[in-house]
Amino acid sequence: MSAGALSLADQFAYGLASPICLTWELTYACNLSCVHCLSSSGRRDPRELTTGQCTAVIDELQRMQVFYVNIGGGEPTVRPDFWDLVEYATGHDVGVKFSTNGVKITPGIARRLAGRDYVDVQISLDGATAGVNDAVRGRGSYETALRAMRNLADAGFAGFKISVVMTRHNVGQLDAFKALADRFGAQLRITRLRPSGRGAGVWDELHPTAGQQRELYDWLVAHGSDVLTGDSFFHLSGYDGALPGLSLCGAGRVVCLIDPVGDVYACPFAIHPSFLAGNVRDPGGFAGVWQRSELFARLRRPQAGGACESCSAYGSCRGGCMAAKFFTGLPLDGPDPECVKGHGERALAAATAAPRPSSDHSHRTAPHRPAPHRAGERRPVPLTLSARPPVGARPPVTARPPVGAQPPVTAQPPVTARPPVTARPPVGAQPPVTARPPVTACNANPLAGFAPGR
């Protein structure tokens with residue numbers, strides 16, 4: 001069959017010579033510790049690509065005629081070379097859309113951005129009020145985002161994006177989000193919560209309920225093209241027809257992810273060895289990964305619909321999101337966990353173990369949130385670097401040594417050398433958070449060191 005006889009969606013399904021756009025996480029460093037962070041960001045990885053390696057990737061993207069890159073993190077603006085990389089990309093025919101919590105968008109930076117072509121800015125905000133937003137993104141993050149919006153609007157930057165991850169706590173604020181965007185001359189962009197990264201630990205409690213899914217679908221239908229979605233809600237098309245945009249998983253076909261150390265994944269929401277295609281530092285660079293990866297070749301072959309193929313909605317939803325299925329323990333040819341026909345809910349009840357996200361760069365003082373444990377699931381004990389303190393920063397979690405490793409009673413220090421009994425916590429109890437010094441100032445206060453308006 002010739003390409004001219006295929007629909008646009010079918011052509012995308014078989015893959016393109018170059019990605020339409022790609023997501024590039026420049027750093028895992030971040031001043032926040034959002035509970036749903038898809039990349040479990042916080043601490044910088046010392047292996048992240050150098051400035052020279054980043055510009056080499058941009059050169060490749062220019063040769064491949066990639067239209068633009070979605071730059072994220074982490075908080076990408078904390079990289080010292082970030083603004084230089086933005087200018088290098090736009091100067092080499094690669095547009096830049098970057099996501100930020102707004103911490104570095106000062107009046108001066110806003111004016112600088114407003115004067116450049118081929119640059120777009122997305123301010124992340126997950127609540128139309130400080131109470132809802134800060135519960136997810138951290139204390140003070142709402143005011144930081146609003147300050148960045150004011151700076152962009154005052155600088156004349158029209159049409160920047162307000163990017164919202166939909167949760168069961170903010171679905172009822174959709175109208176308020178739209179009003180906020182209109183107030184600043186911005187455009188609202190809403191995206192789906194995925195059980196990726198730290199999101200795996202909060203998905204059960206934060207993802208919208210079935211009733212809220214319907215509310216969200218009806219709201220999107222009513223607002224049409226006024227609101228962007230990043231094509232992330234095609235699983236809702238099973239209600240009354242497809243939403244605007246691409247009703248197709250584009251992983252490895254039209255989109256992919258480059259992470260801070262140069263690893264290339266099929267999907268920004270599927271950071272796991274199962275979806276690792278290669279590295280930009282491999283022979284052949286990024287182009288070699290995109291064009292010759294065995295993983296991408298498999299994804300571009302015709303895909304069976306599995307149990308979903310007999311569903312009347314399959315032509316619209318195409319089985320839903322690959323990453324959402326993978327990280328909830330569902331088969332990739334099975335239903336989306338938020339299937340509007342209820343098939344995902346029944347599949348989740350029968351699910352066994354879900355894969356764990358492959359890396360964790362969370363701040364060491366960020367609270368540990370275990371992965372959800374649904375009835376019937378058998379999960380391995382979660383072990384993450386973020387749950388392990390520096391040596392001497394706190395007693396072992398159980399405060400008990402391994403069996404047989406206790407020293408003889410005579411080797412214990414004198415009673416007078418021990419703290420009073422009343423000062424000792426119960427067995428297994430951790431000391432108060434205030435007793436642990438933060439690793440950095442940003443761990444104690446996410447916005448430490450960033451003065452407004454400077």
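Start by selecting Asp-93 in this predicted model: with 60% relative accessibility, Asp-93 is exposed. You'll find Asp-93 in the loop between H3 and strand S3 (95-100). Check the backbone there, too: phi of Asp-93 is positive, near 65°, and the residue isn't a glycine. Most residues other than glycine have a negative phi, and most peptide bonds are trans.

Now jump to Ser-40, in the loop between strand S1 (21-25) and H2. Ser-40 also isn't a glycine, yet has a positive phi of about 50°. Is Ser-40 buried or exposed? Its relative accessible area is 3%, so Ser-40 is buried.

Next, pick Gly-73 and Gly-74. The peptide bond joining them is cis, with omega about 10°. Gly-74 sits in the loop between strand S2 (68-72) and H3.

Show helices H2 (residues 51-63) and H3 (residues 82-90). Their axes come within 10 Å and cross at roughly 20°, so H2 is roughly parallel to H3. The crossing is right-handed. For the contact itself, select Thr-51, Cys-54, Thr-55, Ile-58 and Asp-59 in H2, which meet Leu-85, Tyr-88 and Ala-89 in H3. By type, that contact has five nonpolar residues, two polar and one charged.

Finally, head for the largest nonpolar core, with 83 residues. Those touching the most other members are Phe-98, Leu-113, Met-149, Phe-160, Ile-190, Phe-286 and Phe-296. Helix H6 (residues 141-154) supplies the largest share of this core, six residues. Apart from this core lies another, of 10 residues, including Leu-193, Trp-203, Leu-206 and Leu-330.

Last stop: Phe-160. Leaving out residues up to four places away in sequence, its contacts include Val-121, Met-149, Leu-152 and Phe-184.

Note on methods. Residues are numbered from 1 along each chain as its sequence is written. This is a predicted model: local features need pLDDT of at least 70, side-chain atom pairs count only at pLDDT 80 or more; totals for chains, interfaces and linings use all residues. Side-chain values use heavy atoms; hydrogens and water are left out. A nonpolar core is a set of buried Ala, Val, Leu, Ile, Met, Phe, Trp, Tyr and Cys residues joined through side-chain atoms within 4.5 Å. Buried means under 20% relative accessible area, exposed over 50%, partly exposed in between (1.4 Å probe, protein chains only). Helices (H or I, at least four residues) and strands (E, at least two) are DSSP runs, numbered from the N terminus. Contact means heavy atoms within 4.5 Å. Axes are lines fitted to C-alpha atoms, for helices over the stretch in contact, and angles run from 0 to 180 degrees between N-to-C directions. Angles under 35 degrees count as roughly parallel, over 145 as roughly antiparallel, 65 to 115 as roughly perpendicular and the rest as oblique. A crossing is left-handed if the near helix is turned anticlockwise from the far one by less than a right angle, and right-handed if clockwise. Ala, Val, Leu, Ile, Met, Phe, Trp, Tyr, Cys and Pro count as nonpolar, Asp, Glu, Lys and Arg as charged, and the others, Gly among them, as polar.
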